[in-house]
Amino acid sequence: MRAEEVDLLIIGAGMAGLTAGARAVHNGLSVMVVEIGEDVGGSALFAGYAWTAPSHDVMDQQNPYGDTALKRALVERFPEGVSWIRSLGVDIKDAQRVLSFGRGHQFDTHQYVATCRQAIRRGGGTLLLETRAERLVVEDGAVTGVELRLADGTRTQVRAGSTLIATGGFQGDTELRATHVHPRAGGMELRSNPFSRGGGYRLATSVGAATGHDDAGFYGHLIPSGIPFADPADFVDLSLYYSEHALLFNLANERFVDETLGDHLTAMALLEQPEGRGLLIADARVFRDWVVGSYVEGAVAVDKFALAGKRGGRVGLAEDLDELAYLPEEWGYRGDVVRDAVKLFNEHAAAGLEPSPGRKLDRLPLDEPPYYVIEAVPAITFPFHGVRIDDRARVLRGDGEPLPGLLAAGSDTGGLWRRAYAGGIASALVFGLTAADTATATATASHATD
């Protein structure tokens, strides 16, 4: 392959990378997209909603420690992102509530991925599959291109006015997870595509990119323990979203978190408990309203309790509270202590007293038998630690200044989320568009001086 020169070279063909590529060719740029996998789409193929906080106040309340400029950019530019999806002819539904605080839109991510791919090719862009970006080329402190290994094993170097890192995070690499998420994080099930193994993270850090934060946490959900994912449908079907209305006990037989704030937050909290596992208990009300109900409007309802039992998970059905005392001893919990804790919780809830830990949202007692018990563990979708960027998607150096020529978007980035979360697809969409527009400004300035 002969050496090429493009305005924008994109490493990774997931939500962020394909968005940036389609926007860039729309802006008149020459584009090359390289993808390590056999096809495009990444983890976006497993998603169905673009959503985030509807206002700055809500974002600050839900994600108080995230980078202020990135938070503001996400909230302010999200409507433009939705308009962009519509402009491509992709069907996207009207706004609806997501979680207890978010607003977003259901859309066909498969159609979106295919449409972006087609737009890139129609716009004269190049898409290379099974291609590895092995090294960033740096000249006079600026990233000027990438050394690639192609599918046939040959190497080539591509010069680029801008290079975008969009490889989807490092959740597929157990060592990076253990180092930057939690020592126990390497053992979590992966509810993500398998190709996001930190390729972009390693490329960026090799040329001096800043990263953070090591205590930022991860996005994921609780799943039944002992059940490996069999296929991507399990990422949703086995996620125990209803934990927000249930009670969760650790191996010390104690509640340790306000479960009602969100299953994604409870997953982070459980990872830090002994052995990273816990006992999730729901009553008939929670089962009826939430276990077999849709998590968000339009989602397919799955009986997660029945599925967990069918797949061999640790599940149990107690006809009344007293039967909770007879948990299998080998599970490692004191059934009698858990039973008493549920009784005490119900007494406090009935009397209007605040339990400890508190319950901000669902304060109803769990007093309607039978009781549905599942042992739960956290599973990871992507880490919040990543490459630091500014609100123009420019990668930052350790001194806080942009690293010339290098951009990043999507789950490769850090700083936006810190022990909080409000939409990964939305972030990839917004900063993918932002990266393309930044690359356009760079190309326009470069062409003007040629």
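The protein chain has 450 residues, and a compact globule of that length would have a radius of gyration near 22 Å; the value here is 23 Å, which agrees. This radius is taken over C-alpha atoms, and the globule rule is 2.2 Å times the number of residues to the power 0.38. The structure is a predicted model, in which local features need pLDDT of at least 70 and side-chain atom pairs count only at pLDDT 80 or more, while totals for chains, interfaces and linings use all residues. Residues are numbered from 1 along each chain as its sequence is written, and side-chain values use heavy atoms, with hydrogens and water left out.

Along its principal axes, the C-alpha trace spans about 80 × 40 × 40 Å. The secondary structure of the chain comprises twelve helices and 20 strands; helices (H or I, at least four residues) and strands (E, at least two) are DSSP runs, numbered from the N terminus. Of the 450 residues, 57% are buried, a term that denotes under 20% relative accessible area, with exposed meaning over 50% and partly exposed in between (1.4 Å probe, protein chains only).

The description now turns to strand β2. Strand β1 (residues 4-11) runs parallel to β2 and is joined to it by four bridges; two strands count as paired if DSSP finds at least two bridges between them. Within this pairing, L9 has M32 of β2 as its bridge partner. Between the two strands the chain passes through helix α1 (residues 15-26), and this β-α-β crossover is right-handed: with the strands pointing away from the viewer, the path from the first strand over the helix to the second runs clockwise. Strand β2 also pairs in the parallel sense with strand β6 (residues 126-128), over three bridges, and here V33 stands opposite L127.

In a regular strand the side chains alternate between the two faces of the sheet. In β2 (residues 31-34), V31 and V33 point one way, M32 and V34 point the other way, and all are buried.

Another sheet is open and contains three strands in the order β11-β17-β20, with mixed pairing. Its edge strands are β11 (211-212) and β20 (413-414), each of which pairs on one side only. Strand β17 (residues 386-388) pairs with β20 in the parallel sense over two bridges, and R388 has G414 as its bridge partner.

N63 lies between α2 (56-62) and α3 (68-87), and it counts as buried because its relative accessibility is 1%. Leaving aside residues up to four places away in sequence, N63 touches K71, L416, W417, R418 and A420, where contact means heavy atoms within 4.5 Å.
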